[in-house]
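Have the structure open as you read.

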Amino acid sequence: KVAILPKSLSIPRRGQKRSLTNQTYVANDLAQVPPVPKNRLVGCFSGSWADSLEEATLAGWETQLGPALRKFKRVALGLNANVDLIVSGTDVLRRLGARETDSQSNGDFSTIESIDDLQRMFAHCMARCSAAERAIKTRQLFSQIVEAAEKVDDKQYYVGGNAALVGLTMVTEFSGTHVLLGGPVGTQLKSLLPANVTVPDACLQKEDEIHLILEYQTGDRWGSATAPCANRFITSHD
């Protein structure tokens, strides 16, 4: 089966009407999709009906792009690489001895300068179920927060940073590929990278760059704030 995606037309779903070149059709079957002028063709996909516009778009890209014409075996990437430390935000705040406050004391800060700023900003985001990322002003404060996070039992470490993630994807998706990664790589990140990702000695360091991801789940509470859905608040000091 092949569905054609004309410009200004979202992927048709069963039983939904869509207009196309001043015509209206009901997309109960792929055979009912009318011809599309070539200048309006933006992509196509093979297989069953897509469950979402995002899936249809990705499938269209794969069909149009096809396999790589030039095979590559060695790739050099840089610059950013870090460890994503994922942990419960409320657990970290309790480890830090943060004082829970009411909603009137919460707020949005451009940078985090204290533990109190952190808990107020976290509660502000959690009450709205909004994702956010803020920098910690000083290395000392960030180290204190990370130290508390690493004492939480339920924590996870993942490869982070665009260069490291792209490299990880390349060696996973393209068999036999070897990646040279240029970026700050500490002992934890090095242990997370596969053998076919090489880091130059000049890029190795004792401590990892950490991005701390403070998650909250639906119903989590901090002070007077209750999370209406699950999301995350990210902090770093790069």
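Helix H4, residues 139–150, gives the most to the lining of the largest pocket, with 6 residues. Helices here are DSSP runs of H or I with at least four residues, strands are runs of E with at least two, and both are numbered from the N terminus. This is a predicted model, where local features need pLDDT of at least 70 and side-chain atom pairs count only at pLDDT 80 or more, while totals for chains, interfaces and linings use all residues. Residues are numbered from 1 along each chain as its sequence is written, and side-chain values use heavy atoms, with hydrogens and water left out.

So what is a pocket? On a 1 Å grid over the protein atoms alone, it's an open set of points where a 1.4 Å probe fits, with protein on both sides within 12 Å along at least five of seven lines; lining residues have an atom within 4 Å of a point. A volume is the space filled by probe spheres set on the points, which are joined across faces, edges and corners.

Among the residues lining the largest pocket are Arg139, Phe142, Tyr157, Gln188 and Ile210. For the second largest pocket, the lining includes Ile86, Asp91, Lys155, Tyr216 and Asp220. Here are the two together:

| Pocket | Volume | Lining by class |
|---|---|---|
| Largest pocket | about 260 Å³ | 4 nonpolar, 2 polar, 6 charged residues |
| Second largest pocket | about 150 Å³ | 3 nonpolar, 3 polar, 5 charged residues |

For those classes, Ala, Val, Leu, Ile, Met, Phe, Trp, Tyr, Cys and Pro count as nonpolar, Asp, Glu, Lys and Arg as charged, and the others, Gly among them, as polar.

Which strand gives the largest share of the second largest pocket's lining? That's S6, with 3 residues. Strands S6 (82–88), S9 (155–160) and S12 (210–216) each supply at least two residues there.

Now for the cysteines. The whole structure has 1 disulfide, meaning a pair of cysteine sulfur atoms within 2.5 Å. It joins Cys129 to Cys229, S to S 1.5 Å. The pair links distant parts of the chain, 100 residues apart: Cys129 sits in the loop between H3 and strand S8 (132–136), and Cys229 in the loop between strands S14 (225–226) and S15 (231–236). With -95 degrees about the S-S bond, the link of Cys129 and Cys229 is left-handed.

Cys129 counts as buried because its relative accessibility is 12%, where buried means under 20% relative accessible area, exposed over 50% and partly exposed in between (1.4 Å probe, protein chains only). Cys229, at 30%, is partly exposed.
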